[in-house]
Amino acid sequence: MPRERPSPPPFEPEALERSLDRYLGIGLVFMALLIVGFVTYTVREPGLRKTAAAQQQSSYRDIGDTLFAGSCASCHGKAGTGGSAPVLNSRQFLKATTDGQMKGIIAGGISGTEMPAWSFEFGGTFTDEQVQQVTTYLRSLEPKAPSVPSWRSGSAATPSSTTTTAAVAGTSVQVVVSDSSGLNGRMSLTTAPAAVPAGDVTFTVKNTGTIEHEMVVLQTDVAFDKLPIVDGGDPPAPVASGADKVDESTSVGETGDPAVKPGETRTFTVKGMAAGKYVLVCNIAKHYGMGMTAAFTVR
Ligand code: HEC
Ligand SMILES: [Cu+2]
């Protein structure tokens, strides 16, 4: 016997309308929230981005400032005020030179002149980031740069540039040892100048990195990036392999113990340095292999 069909639910237009109204209401609230969210985002986002960019800009400038003091000031003068090399803190120079041109010159040097190439790519000791940092620093000088039309002629332009380096008998060499994040990032060792006359040489070693470093002056004809790895021998951790250290038996001077802490500067003098080829290294385990080496010549 066929079942009795269930009667259809009674049609209740009022109830339906109420439920429709409710859904519509919820939809409107959601839409309003979306619009508010979107507007807030659009208004805030460029601001946030600008703040982040400005922060990066100022940290690049500060690092660039340190790099310049350690690697460039010996020729270009303190803060680019001129020395044996052109005045870079000059309105005319900064106006005439784009960031791109500046990076190109710093990375590749100017062949046939004293201006060395700095980027790894051209045999120097700077990462691309460091080239950018120095460029950012130089650009930051522009708003206050004095007018120095004769910027190309170096120190003749600014008598006040004699503060470059404290007077030390003999030659003064600025070495910067650095790393971006210890053994997890790049490391570098830069020297300026890279060639000096024979005699007393005072090395000022500044650690701008995040961990301890040292600097050892080795007298050797082997290329700076071809020193054999000998591992053992250098306390406190003589090991048979894996330390990636180089032989220090031809050392003529070093920063000594303890190692130079981040932010610290250490000075030492090698008396009567003889003409010949040298290599400057940081011989803390693995640092040589990670790029802490630079060629140095005594003429
Ligand atoms: C050993 C000395 C020396 C050191 C160190 C040195 N420079 Fe120079 N630099 C020169 C000389 C010399 C010139 C001019 C070359 C020429 O005759 O055109 C020059 C030119 C330049 C120029 C181009 C100026 C122009 O003529 O347009 C820039 C930019 C520059 N150097 C930046 C740097 C920066 C940045 C550093 C550090 C990372 C640095 N230099 C380190 C010697 C040096
Ligand atoms: Cu080191």
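**Basis and terms**

A residue is called buried if 20 or more other C-beta atoms, placed from the backbone, lie within 10 Å of its own, exposed if 12 or fewer do, and partly exposed in between. The model is predicted, and local features need pLDDT of at least 70, side-chain atom pairs count only at pLDDT 80 or more, and totals for chains, interfaces and linings use all residues. Residues are numbered from 1 along each chain as its sequence is written, while chains are lettered from A and ligands numbered from 1 in the order in which they are written.

**Overall fold**

The protein has five helices and nine strands, taken as DSSP runs (helices H or I, at least four residues; strands E, at least two) numbered from the N terminus. Of its 299 residues, 35% are buried.

**Helix α1**

Helix α1 covers residues 13–71, and its 59 residues should span 87 Å at 1.5 Å a residue, which agrees with the 84 Å between its end C-alpha atoms; the expected span is 1.5 Å times one less than the number of residues. At Arg44 the helix α1 bends by about 30°, and Pro46 follows within four residues, the bend being the angle between axes fitted to the seven residues ending there and the seven starting there.

The buried residues of α1 include Tyr60, Leu67 and Phe68, and the buried residues of this helix pack against α2, α5, β1, β2 and β4.

**Around ligand 1**

Ligand 1 is surrounded by 21 residues, the closest being Cys72, Cys75, Ala85, Thr113 and Met115, where a residue counts if its C-beta atom, placed from the backbone, lies within 6 Å. The elements giving two or more residues to this shell are α2 and α4.

Notes
Two residues are in contact if their C-beta atoms, placed from the backbone, lie within 7 Å.
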